[in-house]
Amino acid sequence: MPCRILPLLLLTLLAVPAAGQARTASARIARVVTPVATLQGVTVRLDWPDAAETGRLTLTANRVTAPDLGYRFDDLTWQCPLQRGAKQDGWRCEGQIRSAGRKPLKLGVDLATASTDAVLAGGGSSLVLHRNAAAPDITRLELTRVPLAWAQALLAQAWPEANLKAGQMSGSLNIHTPESRPLRVEGRLGFDGLGLDTPDGSIAAEGVGAQVDLDYRKSAGLSLATVEGSLRGGEMLVGNGYVALPATPVAVSIAARQQGESGWEIPQLLWDDGSAMRVQGSLAFDAQSNLRDADLRMESADMAPLRPRYLSGWLGLFGLGELDLQGAASARMQVQGGELIRAEAELREVSVVDAQQRFRFDGLGGNPVFSAGAPVDSALRWRGGEIHGLAFGAAELPLDSAEGGIGLRQQVTVPMLGGGLRFEDINLRPPAGERGLEFDFGLTVEGLDVGLLAKALDWPAFQGRLDGRIPKARYADDRLDFEGNLVTHMFDGTVQVSGLAMERPFGTAPTLSADISMDDMNLQALTGVFGFGEITGALDGSIRNLRLVDWKAEAFDADLHTDPSWKGKRRISQRAVQDLSSVGGAGGLGDSLQAQALKLFDDFGYRRIGIRCRLAEEVCDMDGLRSAGNGFIIVEGSGLPRLTVVGFNHRVDWPTLVERLVAVTQGDSKPVIE
C-alpha cells in the first residue's frame, strides 16, 4: 500500500536540489535502502519556472519492497506542486500517487525542519503519517475509515492464508523501525464490518466489529503478537465451528508467538462472553495451521445462548442444529499432538431438548470424564426425559474412562413405561483423527407396559407386556447396526426383529432397515386392538427387507397368513370380511341374493387367510393365498355357509392403502366390490 512507503518518499525528497537554483533539477538513484523498505530505479525531477512560487515535483520508482510489512509496488509515480510550508521552514507538496494495478490516491506531504507529516486520502478514507526528527525510528499513523484491504500485506506476514474481503478500520498505530531491534507495530484500532476468508473455506468472518489494542513484533527468527479488546456482532466460521457474535461486547485477550517456520503458539487466551461463556487457556498449531496442543477451561452460568452463538455448527453435524440448552456447566479440554487426551465437565441442572422432539433430558448433572490414558471414574445422572415421546425416569450412570474410551462400570436400569431398559454395557469412543464417533451397547427390555407404549405413540390401544434383548448394537460411520435378534412377546406370540440397522440416526432423513417375523400371534386379541372385525386363530408372517426413510415406509415385502397348525376354532366375522375386502380390493358382501343370504350370519368358518404386499416406489403389488382367475384368494372358506374372499387389485397405490387401513381401524370401512 502507498501508506507504507511514505517515509521512503520523504527520504527521497530530501535528495532533491533546492528549488530556485535551476529551472529543472533531476536525480537518478539506483537504490535507496531504509529500515522499512527498499526503493529501486528511483527518479526525482523538479520543474520550477523563473520567479514562480511553486514548482512541479515528479517522483517515480520502478519497484518498492517492504519485506517486514509484506508490501511490494511496481511503477510508482507521484506528482505534486512543491511550495514553501506554512511556517516557511520547510516544503509542502500534494498530488496524486499511482501504482500499477491500484487505484490512484491523493498524497500530501509537509516537510518541516523537525517533523514530517503526510496525508493519504481517497474515497472518504484517510491515513495521516507523522514523524519527528527527535525520534526518527518511530512513524505514527492515524487511520480514519481506512479499507481493511490496505492491511492485506501486513496481515499476510502473520497469516499468509487470510484474505481480507470487507470492512474498515480507524485508530492509530506506531511503527518502530530501529536498526538493531525488531520491527514493532503497536496501537489501538477499531474495525467495522470485518470480512475475511481462507482459500479452503475453513476460516471465514463477516460483519464483525471490534475494538482492540495490538502489539506486533517481528525479528529474524521470532514473531510476537498480543491483542486486547472486544468483538461485537457478525459471524465467524472456524472448521465446523460457527460463531454468531452477540451485539454486546465479547472481551478477547490473546498473546501469541511464532518461532521460525513453525506454527503459532497462543500461551494465553481469554474469551469472555459474560454468563454465556468464559474460555481461557492455551493453544498451539503446527506449520499447516492444524491444532496441535490445547488446554482450555470453559464456564457457562447460563447455557441458553451457547447453541445459537457457538455450538450450532458442531451440533449440525449430528442433525441437532436447533438443540435447546438450559442450565449451567463448566468443562476442560486437553489436546496433545492433535489428539484429545482428556475432557471433563461438571453439569448443574442442565436440560437438553431436541427441537424435532426426538429426545429430551431434564436435570442433567454429574461430572463425566473422558481419558485417553489412565482410568478415571465419574458419573452422569438425570431426573427424567423422553425419547420419541416415550418418557423415562431418573437414573445415574457410573462411568469409567481409559485408553480413549468411556463406558459403564456396571449395569444400569432406566425406568420406562412401567418397566425398564437395562443397559448391560455402554462403550463410547469420541472422534479422533479420521475416525468419527463410535459406540456400542447391550440392552434388555424388561416389562414395558404395551398400553402406555401405544398411547405414547398414538397407536391402537394395545395391551400386554413388552420384553426383549439386543445383545449388541454398534454405531460407526453414521450407521447403527444391531447384532443378533430382538425378540418380543405379545398377543400370546413372538415377534423377532433381525438385520436391524439405522443410517444417519442423529441426522436428517434417518433410514431404518430390518427383517421382521411373527409367530403364533393371537388373532382375536390382535384384531380387537386394531378395531378390525373379529378373527379367531393364530397369525404367522414376515415383513422382509423393510426400509423406513424418516420413519415412513419406502419398501418391504410383507406376507401375513394364518397358522395352519392352530387347534382352536377358525372363525371370521362379517365385519372382518368387509374390512379385508376394503384393504385388499376384494369382492365383499354385495347386494346379490347370495350376499343377502350371507348377511344373515354373524361370522363364518375359514380354512386359511393370507395377504401379501410388496412395496416399491409407493405402489404395493398385492397377492394372496393363490391365484383365482384374474384375482387372488384372500380368505378360503370352510364349512357352511362357505365364503371365499377374492381380491382383484394387483397394484395398489400405497398412500391409498394406508388410508384404507386407517379407515377400517376407525370403523369407517364399507364393503368394496371390484
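Glu 265 counts as partly exposed, at 25% relative accessibility; the classes are buried (under 20% relative accessible area), exposed (over 50%) and partly exposed in between, with a 1.4 Å probe and protein chains only. The model is predicted: local features need pLDDT of at least 70 and side-chain atom pairs count only at pLDDT 80 or more, whereas totals for chains, interfaces and linings use all residues. Residues are numbered from 1 along each chain as its sequence is written, and side-chain values use heavy atoms, leaving out hydrogens and water.

Glu 265 forms a salt bridge with Arg 292, where a salt bridge is a side-chain nitrogen of Lys or Arg within 4 Å of a carboxyl oxygen of Asp or Glu. Because Glu 265 lies in strand 17 (residues 264-272) and Arg 292 in strand 19 (residues 291-300), the pair ties together parts that are 27 residues apart in sequence. Helices (H or I, at least four residues) and strands (E, at least two) are DSSP runs, numbered from the N terminus. Arg 292 is partly exposed, with a relative accessible area of 29%.

| Salt bridge | N to O distance |
|---|---|
| Glu 265 and Arg 292 | 3.4 Å |
| Arg 309 and Asp 273 | 2.8 Å |
| Arg 217 and Asp 215 | 3.3 Å |

Arg 309 belongs to helix 3 (residues 306-316) and Asp 273 to the loop between strand 17 and strand 18 (278-285), so their bridge links parts 36 residues apart in sequence. Asp 273 is buried, at 6% relative accessible area.

In the bridge between Arg 217 and Asp 215, Arg 217 is partly exposed at 37%, while Asp 215 is buried at 15%.

Across the whole structure, the search finds 39 salt bridges.
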